[in-house]
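Dear colleague,

I would be grateful if you would read them alongside the model.

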Amino acid sequence: MKNSWIEVDPAGLSSNIRALREAVRPETAVIFVVKSDAYGHGLTPISRHAAGEGIRWFGVAHLFEAESIRAQLSDVNVLIMGVIRPECAPVVAQQRFTPMIVGTEHGRAVAQAAAAARCTVEAHLKVDTGMGRIGVGWPEAVETFRALQGLEGLKITGVCSHFATVEPKQPERAEVQVERFLEVSRAMESLNGGPLFKHISSSRAVLYHPEWDLDAVRPGICLYGYGATDPAMRFRTNPFLQWKCSVMQVKSVPAGTSIGYYGTHVTEAPTRMAILSAGYADGYHRALSNRGHVLIRGRRCRVLGRVSMNWITVDAGRDSGIQAGDEAVLIGQQGRESVWAGELAKICRTIPYEMLVSIDRGAERKYQRTA
Ligand SMILES: Cc1ncc(COP(=O)(O)O)c(C=O)c1O
């Protein structure tokens, strides 16, 4: 038996996709970011379901993720947002993936490897407009485009960038990035003698800035139901992944009992405690010690003491009726109560992305059937 398991409701993904699609123009492509196992939701089932909902583009970090998608979806576009190794160029071309080219040397090496295999890689040029991460710096971007133009084995069909920050209260930083991006892409399009496929917006930009949708948007987290709660945003989405485990033992202890490693919690009154079948080895962050809550029988139960490698101890309440074998919700909802990854992330001083991708990849995933 698994320590913990994940329940995914694909209908939730369908309604998030619909909410996004209704907000963006029909001609704007949606590149659904499904890297890191679809943010912990499961790459294969999520991309298949999304394709059934009309998604024609997927964004991944690595070639192996692109290959997983291609194995089940022969006719979708896959954008590889990491830096492909030049020797992978023939596979990338044969599988019709769209990699990002991140500089002149990278582009030349990819072109050379593809040309040697008598194929052509169609790629997007990644411009660093202020993120300070991968990509060609915007001051050199046009020169890079010129250097790569006409190389045998490589065709630059698009140009893209990524925001470092999109803050409605401090819009200047994103605006500067957009200005740089539009300026360099205009110059590239004139060298190209025709339009390039342009995209820059991930979730926060999509949620706040319709004017930056361009030819495509690249949302990830908002389609998993996080970060789309501000009424000022264009649309709302809801989480659809729940993470659960079991109550292994329930026991009553008197006041003054020390709970777990280092005795960081000592009961103030007689307490019924429940020990759960997951711990930090399963991805339940140790920073949730004495601070997180789980749901059992529709009530919030506080984590007592330190989270262990394989166990979590919670306060089961004196007359809750909680018993060994009950289901405990680590992320999700039960009755009227909910604990979503955003709540846990705040306690752990991190972001929902990290909470989701930290969940044990070996945990069994159950996908509810859609009607
Ligand atoms: C290049 C790129 N585009 C898009 C995304 C999706 O971002 P988000 O999940 O915030 O929408 C990511 C995620 O990290 C990314 O690295």
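In the contact between H6 and H7, Thr104, Gly107 and Arg108 of H6 meet Thr144, Ala147 and Leu148 of H7, where contact means heavy atoms within 4.5 Å. Helices here (H or I, at least four residues) are DSSP runs, numbered from the N terminus. By class, this contact of H6 with H7 holds two nonpolar, three polar and one charged residue. For these classes, Ala, Val, Leu, Ile, Met, Phe, Trp, Tyr, Cys and Pro count as nonpolar, Asp, Glu, Lys and Arg as charged, and the others, Gly among them, as polar.

The model is a predicted one, in which local features need pLDDT of at least 70 and side-chain atom pairs count only at pLDDT 80 or more, while totals for chains, interfaces and linings use all residues. Residues are numbered from 1 along each chain as its sequence is written, and side-chain values use heavy atoms, with hydrogens and water left out.

Helix H6 spans residues 104–116, and its axis comes within 9 Å of that of H7, crossing at roughly 20 degrees. Axes are lines fitted to C-alpha atoms, for helices over the stretch in contact, and angles run from 0 to 180 degrees between N-to-C directions. H6 and H7 are therefore roughly parallel to each other, as angles under 35 degrees count as roughly parallel, over 145 as roughly antiparallel, 65 to 115 as roughly perpendicular and the rest as oblique. The crossing of H6 and H7 is right-handed, that is, the near helix is turned clockwise from the far one by less than a right angle.

H7 (residues 138–148) also packs with helix H8 (residues 172–192), their axes coming within 10 Å and crossing at roughly 15 degrees. That angle makes H7 roughly parallel to H8. This crossing, too, is right-handed. On the H7 side the contact is made by Trp138, Ala141, Val142, Phe145 and Arg146, which meet Arg180, Val184, Ala187, Met188, Leu191 and Asn192 of H8. Eight of these residues are nonpolar, one is polar and two are charged.

Helix H3 (residues 43–52) packs against helix H4 (residues 63–72) at an angle of about 55 degrees, with the axes 10 Å apart. H3 is therefore oblique to H4. Leu43, Thr44, Ser47 and Arg48 of H3 make the contact with Glu65, Ser68, Ile69 and Gln72 of H4. The contact of H3 with H4 comprises two nonpolar, four polar and two charged residues.

On a 1 Å grid over the protein atoms alone, a pocket is an open set of points with protein on both sides within 12 Å along at least five of seven lines, a cavity is a set where a 1.4 Å probe fits but cannot get out, and lining residues have an atom within 4 Å of a point. Grid points are joined across faces, edges and corners, and a volume is the space filled by probe spheres set on the points. The largest pocket is lined by 42 residues, of which Ser203, Arg204, Ile221, Ile351 and Tyr353 are the closest to its centre. H9 gives the most to this lining, with four residues. The lining of the largest pocket divides into 23 nonpolar, 13 polar and six charged residues.

The count of cavities of 30 Å³ or more is one. The largest cavity is lined by Lys126, Asp128, Met131, Gly132, Arg133, Ile134 and His162.

With kind regards

Methods: Helix = DSSP H or I, 4+ residues; strand = E, 2+ residues; numbered from the N terminus.
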